[in-house]
Amino acid sequence: MSIALYNPVSGDGSATQFFSDHVLPLLDKHNKSPALFAPTEHPGHAAELVASFLSAHPDSERVTVIVGSGDGTVHEIVNGVASLSSGKRDIELVLVPLGTANALYASLFPPSSSPQDPTSYRLLALHSFLASSSPRLLALAETSLASTTIYSAVVTSTALHASILHDSEALRKDMPGIERFKVAAHQNITRWYNASVVLRPPKPDGSVQVYDPATKSLIPYGKDAKLQGPFAYFLSTVNVDRLEPLFRITPLFSSIPPPPSTPSLDIAILRPLRDPAVSSAAQDDREIFAQKAGRVLGEAYNNGAHVNLRYAEDRQPVTDGDGEAVVEYFRCGGFEWIPDESDDRAHLLCADGAIFNIPPSGRTTCSAVASTRNGVRFSVYSQHLT
């Protein structure tokens, strides 16, 4: 049993036409017309539609949801289903990438170096579904925030990334594309975030691992997995190696994949006081590090080359040499973020683009899990499994 939803205002606003011209005719051709077909009409509507359908069909343990949108609508659906009282269901997602960044889709179907027809590319997951391929199970990042539980299928972040997402919303009307994120990044690049973080090992018997640029491998980090700030960048992902088609911020997810049976988070961190050229939080030092941070994060567009950068003798990031790693890259089962009470910006949390505030004197924990607390598992159609 399947349903099809699309967000008519996501991305460039082409979803209505795209479903009419391409998605629905393909489903009809393969005799897989959805039991429900509807556009979303307001924030949260996708979650309401899926939850209502599941409630009306309590005996359907497996439901396929064809989603024409971006990562935000997927986030809505996951969290809407997680709030249902009845669980133990499998939800299969067929993504039609019509949002702004489409991180999950771009990770499942990495853009090719050769020219691709945009329409054909957007239909790859749908063709996988129509060919009865086996979908890939998704891990979820389960974040506890005061009395609230939030699930992410792509990214959970604080520090610079959360500030960028927070400030980019004010730019959305005039800049509907990804350019607004670059403008917001420029506005926040010199900001540091005072917090500490504790990394947790994957369950049941895993260990926290850190990437070693010298051996280009993940190695055990050791017993002390507490990191002290300030932080410039702190971002964790599940299921993806990128946040935009070419922005591979956590490239090891695809180059050194985690075991499918062990949900885990990949985390990229920049701590400015690790820079040998930075000795204080003075504005001059912030400017020095901001220039490097911009270059480092820019290397994520170079096929994830930022993870191999090391500080050279002249204290500049380079891709060779034997200096300390510029980016701290961890794979773990979860983390606890403890913001300094006086740093309001360190209390911002991003979950798949949605922004939350950690309460004063509060903290947040995030864990990689295989299903929601009510027993719902999600999977997604991909080109990698047949």
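What share of the 386 residues of the protein count as buried?

## Overall form

In this predicted model, 55% of the 386 residues count as buried. The chain forms 10 helices and 22 strands. Its radius of gyration is 21 Å, close to the 21 Å that the globule rule gives for 386 residues, so the protein is as compact as a globular protein of that length.

Along the principal axes, the C-alpha atoms fill a box of roughly 65 × 45 × 40 Å. Among contacts with a separation of 6 or more, 75% are between residues 24 or more positions apart.

## The six-stranded sheet

An open sheet is built from six strands in the order S7-S6-S21-S18-S9-S12, with antiparallel pairing. Its edges are strand S7 (148–152) and S12, each of which pairs on one side only. From one strand to the next, the twist averages 20 degrees.

Inside this order, strand S9 (residues 195–200) and strand S18 (residues 334–339) run antiparallel and are joined by six bridges. One of the residue pairs is Val197 with Trp337, its bridge partner in S18. At the other end of the order, helix H3 (residues 71–82) lies across strand S6 (140–145) and S7. The helix runs at about 135 degrees to S7.

## Nonpolar cores

The largest nonpolar core has 114 residues. Val65, Ile66, Leu93, Leu126, Leu199 and Leu270 have the most contacts inside it. Both domain 1 (2–139 + 373–380) and domain 2 (154–369) give residues to this core, so it lies between them. Another core, of five residues, lies apart from it and includes Tyr211, Leu218, Leu252 and Tyr329.

Which residues does Leu270 touch, not counting those up to four places away in sequence? Its contacts are Phe231, Ala232 and Tyr233, then Phe289, Ala293, Val296 and Leu297, and also Val326 and Val327.

## Helix H7

Nine of the 10 residues of helix H7 (residues 159–168) are buried, so the helix is largely enclosed by the rest of the structure. The buried residues are Ala159, Leu160, His161, Ala162, Ser163, Ile164, Leu165, Asp167 and Ser168.

## Backbone features in loops

Gly229 and Pro230 are joined by a cis peptide bond, with omega about 10 degrees. Pro230 sits in the loop between strand S12 (226–228) and strand S13 (233–237).

Asn31 has a phi near 55 degrees, a positive value in a residue other than glycine. It belongs to the loop between helix H1 (15–29) and strand S2 (36–39). Asn102 likewise has a positive phi, near 55 degrees, and is found in the loop between strand S4 (90–97) and helix H4 (103–108).

Are these asparagines buried or exposed? Asn31 has 71% relative accessibility and so counts as exposed, the cut-off being over 50%. Asn102 has a relative accessible area of 13%, which is under 20%, and is therefore buried.

Methods: Residues numbered from 1 in each chain as written. Predicted model: local features only at pLDDT ≥ 70, side-chain atom pairs only at ≥ 80, totals over all residues. Heavy atoms only, no water. Helix = DSSP H or I, 4+ residues; strand = E, 2+ residues; numbered from the N terminus. Buried < 20%, exposed > 50% of the residue type's maximum accessible area, 1.4 Å probe, protein only. Pairing = 2+ DSSP bridges. Axes fitted to C-alpha atoms, helices over the stretch in contact; angles between N-to-C directions. Contact = heavy atoms within 4.5 Å. Core = buried A, V, L, I, M, F, W, Y, C linked by side-chain atoms within 4.5 Å. Domains from an automatic or database assignment. Rg over C-alpha atoms; globule rule 2.2 N^0.38 Å.
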